[in-house]
Amino acid sequence: MRRKARSLAVAVAVGVSAGAASGVPEEPDLDLGPATPRALQLLAELGPDGRQELLKRGFLMLGADQHDMHIALVLFERPKEYVNQLLVQTWRQQEYRPELKRLEPIESTPEGSLDEYQIRVMFVNITYRMRYVVDREHSRITWALDPEFENDLKDVEGFWELHEIDAGRTLARFGTRVDVGPAVPGFIQDFATQKNVPQTVDRARRWVDSGGTWRH
């Protein structure tokens, strides 16, 4: 009885159909367990089709927001703290990002890290430094270009925010914004956003779910 009550509460929270009396098929039980209110809100905003796509693929691109930040939701089959522990190891990104030709850790502290990257797109080499800030209290990781370095990109920023679904699963919200600037060919802007972001999100999911053993 207690489980049925919890399932009903979850169903109402995510907008699941109340039953066959309306003539609309019920959405399959998502078995969300003790999901956080924020996780429930994010899932509710997707609607039934979006939730099923997320469950099927493990991630879902939501498009760009008003700040031109490309947003995605990612479903990790790992506990929230485990996901966080892997994502903060920014120096390991070469394990799942094939576009990186070089990644050099500059500094690392409990509060974040600074890494230097080199990517190569269509015979064009791009070098930049990214500073990461880790907010463990709110399970959030943010990044931006190091303003003290002569970056080949004009502006890059982004975030991961993690929300518990249950003891073994995590719903993550990902966002990134890239502006390559006028000195870089336009096709690299397309690569950095439209083409590369979905692949990077999915590869990060595979890498984390594998415990950091999966390679691109």
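Glu157 has Arg177 in E8 as its bridge partner, and this pair belongs to a predicted model. The strands concerned are E7, which covers residues 155–166, and E8, which covers residues 169–179; they pair in the antiparallel sense over eleven bridges. Both strands are part of an open sheet of eight strands, ordered E1-E2-E8-E7-E6-E5-E4-E3 and paired in the antiparallel manner.

**The sheet and its edges**

- Strand E1 (59–64) and strand E3 (100–109) stand at the edges of the sheet, and because each has a single partner strand, one side of each is left without a neighbour in the sheet.
- On average, and with direction ignored, neighbouring strands of this sheet are turned by 20 degrees against each other.
- In a regular strand the side chains alternate between the two faces of the sheet.

**Helices on the sheet**

- Helix H2, made up of residues 37–57, lies across E1, strand E2 (70–76), E7 and E8, and its direction runs at about 115 degrees to E1.
- Helix H3, made up of residues 80–87, also packs on the sheet, where it touches E2, strand E6 (140–145), E7 and E8, and its direction makes about 155 degrees with that of E7.

**Strand E4 and its two partners**

- Strand E4 spans residues 112–121, and eight of its ten residues are buried, so the strand is largely enclosed by the rest of the structure; buried here stands for a relative accessible area under 20%.
- With E3, strand E4 runs antiparallel and is joined by eight bridges, and within this pairing Glu104 stands opposite Glu116 in E4.

- Gln94 is placed in the loop between H3 and E3, and because its relative accessibility is 32%, Gln94 counts as partly exposed.
- Once neighbours within four places in sequence are left aside, Gln94 is in contact with Leu100, Lys101, Arg102, Leu103 and His216.

Terms used. Residues are numbered from 1 along each chain as its sequence is written. This is a predicted model: local features need pLDDT of at least 70, side-chain atom pairs count only at pLDDT 80 or more; totals for chains, interfaces and linings use all residues. Side-chain values use heavy atoms; hydrogens and water are left out. Two strands pair if DSSP finds at least two bridges between them. Helices (H or I, at least four residues) and strands (E, at least two) are DSSP runs, numbered from the N terminus. Axes are lines fitted to C-alpha atoms, for helices over the stretch in contact, and angles run from 0 to 180 degrees between N-to-C directions. Contact means heavy atoms within 4.5 Å. Buried means under 20% relative accessible area, exposed over 50%, partly exposed in between (1.4 Å probe, protein chains only).
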